[in-house]
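Subject: Handover of a structure and notes on it

Dear colleague,

Please find the structure below, followed by a short account of what was found in it. Kindly keep it open while you read.

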Amino acid sequence: MTEMDRLRDAEAAVTELRGALARAGVTLPSLGVDPLSYTGDEHGVLVELGRCSVETARLMAAALPAEETGR
């Protein structure tokens, strides 16, 4: 996979994540591809989630599946 392929793949993942978060009512303004991670590293591109408010952190936590209690 070329550097451009890795970048396109990461950008597609960011788009998917942004859409899923929006459906859950969550917006991460700094969500994006970490530009330094796709230059020369074949291990993968990193997605920068960025910082968020306490309210956004709680919205994200609420959007995730609850812990199973039947163990």
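This is a predicted model: local features need pLDDT of at least 70, side-chain atom pairs count only at pLDDT 80 or more; totals for chains, interfaces and linings use all residues.

Residues are numbered from 1 along each chain as its sequence is written, and side-chain values use heavy atoms, with hydrogens and water left out.

Overall layout

The protein has two helices and two strands, and along the sequence they follow the pattern α-β-β-α. Helices (H or I, at least four residues) and strands (E, at least two) are DSSP runs, numbered from the N terminus. Of the 71 residues, 20% count as buried; buried means under 20% relative accessible area, exposed means over 50%, and partly exposed lies in between (1.4 Å probe, protein chains only). The protein exposes about 5,600 Å², of which carbon and sulfur atoms supply 54%. Accessible areas come from the Shrake-Rupley method with a 1.4 Å probe, and for residues only the protein chains shown count as cover.

Helix α1

Helix α1 covers residues 3-23. The expected span of a helix is 1.5 Å times one less than its number of residues. For the 21 residues of α1 this gives 30 Å, which agrees with the 30 Å between its end C-alpha atoms. Its buried residues are Arg6, Leu7, Ala10, Val14 and Leu21. Seen down the axis of α1, these buried residues fall within an arc of 95°, so they line one face of the helix; the arc is that of the directions from the helix axis to the C-beta atoms. The face turned away from the buried side carries the exposed residues Thr15, Glu16 and Arg23. The buried residues of α1 pack against β1 (32-33), β2 (47-48) and α2 (54-63).

The core and Leu21

Val14, Leu21, Val26, Leu28 and Leu31 form the largest nonpolar core. A nonpolar core is a set of buried Ala, Val, Leu, Ile, Met, Phe, Trp, Tyr and Cys residues joined through side-chain atoms within 4.5 Å. Leu21 counts as buried because its relative accessibility is 12%. Apart from neighbours within four places in sequence, Leu21 is in contact (heavy atoms within 4.5 Å) with Val26, Leu28, Leu31 and Met60. Leu21 and Met60 are 39 residues apart in sequence, and their C-alpha atoms are 7.8 Å apart in space.

The salt bridge

How many salt bridges does the structure hold? It holds one, where the side chains of Asp5 and Arg8 meet at 3.6 Å, N to O. A salt bridge is a side-chain nitrogen of Lys or Arg within 4 Å of a carboxyl oxygen of Asp or Glu. Asp5 and Arg8 both lie in α1, three residues apart, about one turn of the helix. Asp5 is partly exposed, with a relative accessible area of 34%.

Asp34

Asp34 lies in the loop between β1 and β2 and is buried, with a relative accessible area of 19%. Not counting residues up to four places away in sequence, Asp34 touches Val45, Leu46 and Glu48.

With kind regards
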